[in-house]
Amino acid sequence: MTTTAFAQGAMTDVGTPRSETLIVQTFDGRAANASAQNPMNSYAIWRGFRELGWSWLWEMDTATGESYPELAAGPVEVLNDEHTQFRVKLREGVYWSDGVEFTADDVIYSLDTYTKYRSQLGRVAVVANFVKSWKQVDKYTFEVETSRPSFDFQTVMGVYTWGSQFVIVPKHIFRAPGRPGGHLPEHQCGDPRAL
């Protein structure tokens with residue numbers, strides 16, 4: 001009982017209560033730079049965390065090959081015969097880990113950041129080259145035009161077997177000056193989840 005009581009009051013070496021801290025083992029067993037959790041940079045510094053720390057527009061059932069909505073409210077709506085224009089509706093009632101609502105503002109900010117900082121960020125080229133234009137329709141809807149026909153829009157912008165090239169970041173956290181190429185603030189998890 002003494003050990004349990006001690007563990008409940010113990011603090012980690014970064015000052016968080018041990019009883020409120022989750023330690024995640026990465027694929028490599030050790031993160032080279034544990035504070036570098038920006039998903040717009042190379043995956044090597046955040047792999048292993050992605051399963052717990054980020055959600056996607058669409059996830060993939062790898063047993064069936066079927067894509068299903070996670071942050072999206074349903075399947076993508078194709079707006080033209082050429083398969084270059086798409087509309088995505090987001091799930092309502094999804095919040096970032098700090099309680100701020102997840103909306104199309106976050107998606108638009110992420111797309112803006114991917115293209116604006118494509119030469120500085122190590123993990124945005126696929127999406128930055130895939131999308132041609134985008135716009136917000138309303139709080140939970142956005143539209144994207146792709147640079148080429150895309151019959152696999154949901155897997156390019158969602159998950160294709162493992163992870164996604166498009167990780168949506170919280171605008172209210174990342175819009176701070178100098179943030180896009182840097183690190184997340186200490187103790188900030190970026191996972192949008194339904195409450």
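## A surface lysine and its partner

Lys-139 is partly exposed, since its relative accessible area comes to 42%, and values between 20% and 50% are counted in that class. In this predicted model, Lys-139 forms a salt bridge with Glu-101, and the closest N and O atoms of the two residues are 3.0 Å apart. Lys-139 belongs to the loop between strand 6 and strand 7, while Glu-101 belongs to the loop between strand 5 and helix 3, so this pair ties together parts of the chain that are 38 residues apart in sequence.

The loop between strand 5 (94-95) and helix 3 also holds Val-100. Val-100 has a relative accessible area of 34% and is therefore partly exposed. When residues up to four places away in sequence are set aside, Val-100 touches Tyr-95 and His-172. Between Val-100 and Pro-170 there are 70 residues in sequence, yet their C-alpha atoms are 8.8 Å apart in space.

## The sheet and the helix packed on it

Four strands make up an open sheet, in which the order is 3-4-7-6 and the pairing is antiparallel. The edges are formed by strand 3 (77-78) and strand 6 (131-138), each of which pairs on one side only. Strand 3 is joined to strand 4 (residues 85-89) by two bridges, and these two strands run antiparallel. The bridge partner of Glu-77 in strand 4 is Arg-87.

Helix 3 (residues 104-116) packs on this sheet, where it touches strand 6 and strand 7 (141-146), and the direction of helix 3 makes about 160° with that of strand 6.

## Salt bridges between the strands

The count of salt bridges in the model comes to five. Arg-87 and Glu-77, already named as bridge partners, also form a salt bridge, with their closest N and O atoms 3.4 Å apart. This pair links distant parts of the chain, Arg-87 lying in strand 4 and Glu-77 in strand 3, 10 residues apart. Arg-87 is partly exposed, with a relative accessible area of 23%, and Glu-77 is likewise counted as partly exposed, at 34%. A network of salt bridges links Glu-77 and Arg-87 with Lys-135 and Glu-143.

A salt bridge is also formed by Lys-132 and Glu-145, whose closest N and O atoms are 3.8 Å apart. Here Lys-132 in strand 6 is linked to Glu-145 in strand 7, and the two residues are 13 residues apart. Lys-132 has a relative accessible area of 56% and is therefore exposed, whereas Glu-145, at 23% relative accessibility, counts as partly exposed.

## Aromatic pairs

A pair of aromatic rings is described by the distance of the centres together with the angle of the planes. Five aromatic pairs are counted in the model. In one of them, Trp-96 and Phe-102 have their ring centres 5.7 Å apart and their planes at 75°, so the arrangement is edge-to-face. Trp-96 and Phe-102 are both buried.

In the pair formed by Phe-130 and Phe-153, the ring centres are 6.0 Å apart and the planes stand at 35°, so this pair is classed as tilted. Phe-130 lies in helix 4 (residues 125-130) and Phe-153 in helix 5 (residues 153-156), and the pair thus links distant parts of the chain, 23 residues apart. Both of these phenylalanines, Phe-130 and Phe-153, are buried. Ring pairs also draw Phe-130 and Phe-153 into a cluster with Trp-58 and Phe-86.

## Confidence in the model

The mean pLDDT of the chain is 80, and 72% of its residues reach 70 or more. Over residues 1-5 the pLDDT is below 50, and this stretch has zero contacts in the model beyond near neighbours in sequence. Residues 181-191 also have a pLDDT that stays under 50, but for this stretch the model has 35 contacts beyond four places in sequence. Where pLDDT is low, the predicted coordinates should not be read in detail.

Methods: Residues are numbered from 1 along each chain as its sequence is written. This is a predicted model: local features need pLDDT of at least 70, side-chain atom pairs count only at pLDDT 80 or more; totals for chains, interfaces and linings use all residues. Side-chain values use heavy atoms; hydrogens and water are left out. Rings of Phe, Tyr and Trp (its six-membered ring) pair if their centres lie within 6.5 Å; planes under 30 degrees apart count as stacked, over 60 as edge-to-face and the rest as tilted. Buried means under 20% relative accessible area, exposed over 50%, partly exposed in between (1.4 Å probe, protein chains only). Two strands pair if DSSP finds at least two bridges between them. Contact means heavy atoms within 4.5 Å. Axes are lines fitted to C-alpha atoms, for helices over the stretch in contact, and angles run from 0 to 180 degrees between N-to-C directions. pLDDT is the predictor's confidence in each residue, from 0 to 100. A salt bridge is a side-chain nitrogen of Lys or Arg within 4 Å of a carboxyl oxygen of Asp or Glu.
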